[in-house]
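Subject: Handover of a structure and notes on its salt bridges

Dear colleague,

Please find below the structure that I am handing over to you. I would be grateful if you could look through it before reading the notes that come after it.

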Amino acid sequence: MAPTFYHYWPVPMTDKSESMLESQRLGRLGCLGILLIPVVVALLVAVITLGIRVNSKACKDGLLAEQECRNATRLLELRLTQTQQDLLETMDQAATCNQTAMNLSASLEKENARGQKQLIREKELQGEIEKLKQELQDALEKVERLRKEKEASSKEGETSFGSSSQALSPLTVQGYLLLGLLALLA
C-alpha cells in the first residue's frame, strides 16, 4: 500500500484568534510577574539586611580592628626587615673580627717563634762570649806568664829568648783582643 499524505490547510486568522493570543501573552506575563515579585522582595530584604549589618557598630569596629592589625603587621614586618639587615651586618662584622683575630693570632705565633729563636741565639752567643772570655783570660795569663819568664830570663842574660818573647807577646794579646771584639759584635 502506498503512503498516505496528510495535508492541513492553514486556518485563516480572525480577530478572535488574535485576541486570544494576546490574552495568553498577558496571562504569561502576569504569572511571570507574580513569580518575580517574591524574588525581588527577597533580594530587597537581603540588601537591606546586608546594609544594616555593614553599617552596624560591630562591623565598623571589626574594620577598625582589621586596619589596626594591618598597621601593626606592617610595622612588625618593617622591624623584622630592619632586624634582619642589622643581623647580616653584625654577622659580617663578626666574620671580619674573626678573620682579624686569626691573622693576629698567626702573627703572634710567628713573633713568639722568632722570639724563641732569638733567645736560643742569644744563649748561644752568651756561651761563645763566655768561651772567648775564658780564652782571653787564658791568653792574658799566658802573656803574664811569658812576661814573667822574660823578666826572669832577662835577669839571667838571655837576650835572644827575651827579644823573641817580646815580639810574640803583643801580637798574641792583640789577636785575642780582636777575637773577643768579633765575638761581641756577632
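Predicted model: local features only at pLDDT ≥ 70, side-chain atom pairs only at ≥ 80, totals over all residues.

The protein has 186 residues, of which 6% are buried. Its secondary structure consists of 3 helices and 0 strands, giving the pattern α-α-α along the sequence. The accessible surface amounts to about 16700 Å², and carbon and sulfur atoms account for 64% of that area.

I then turned to the charged side chains. In general, side chains of opposite charge can pair when their charged atoms come close. Searching the whole structure gave 6 salt bridges.

Glu66 has a relative accessible area of 36% and is partly exposed. Arg70 is likewise classed as partly exposed, at 45% relative accessibility.

Further along, Arg121 makes a salt bridge with Glu124, with 3.7 Å between the closest N and O atoms. This distance counts because the cut-off for a salt bridge is within 4 Å. Arg121 and Glu124 are both in helix 2, 3 residues apart, which is again about one turn of the helix. The relative accessible area of Arg121 is 41%, making this residue partly exposed, and Glu124 is partly exposed with a value of 42%.

The pair Arg147 and Glu151 also forms a salt bridge, and here the closest N and O atoms lie 3.0 Å apart. These two residues are in helix 2 as well, 4 residues apart, or about one turn of the helix. Arg147 has a relative accessible area of 39% and is partly exposed; Glu151 counts as partly exposed at 39% relative accessibility. Salt bridges with shared partners link Arg147 and Glu151 with Glu144 in one network.

Yours sincerely

Conventions. Residues numbered from 1 in each chain as written. Heavy atoms only, no water. Salt bridge = Lys/Arg side-chain N within 4 Å of Asp/Glu carboxyl O. Buried < 20%, exposed > 50% of the residue type's maximum accessible area, 1.4 Å probe, protein only. Areas by Shrake-Rupley, 256 points an atom, 1.4 Å probe, with all protein chains shown as cover.
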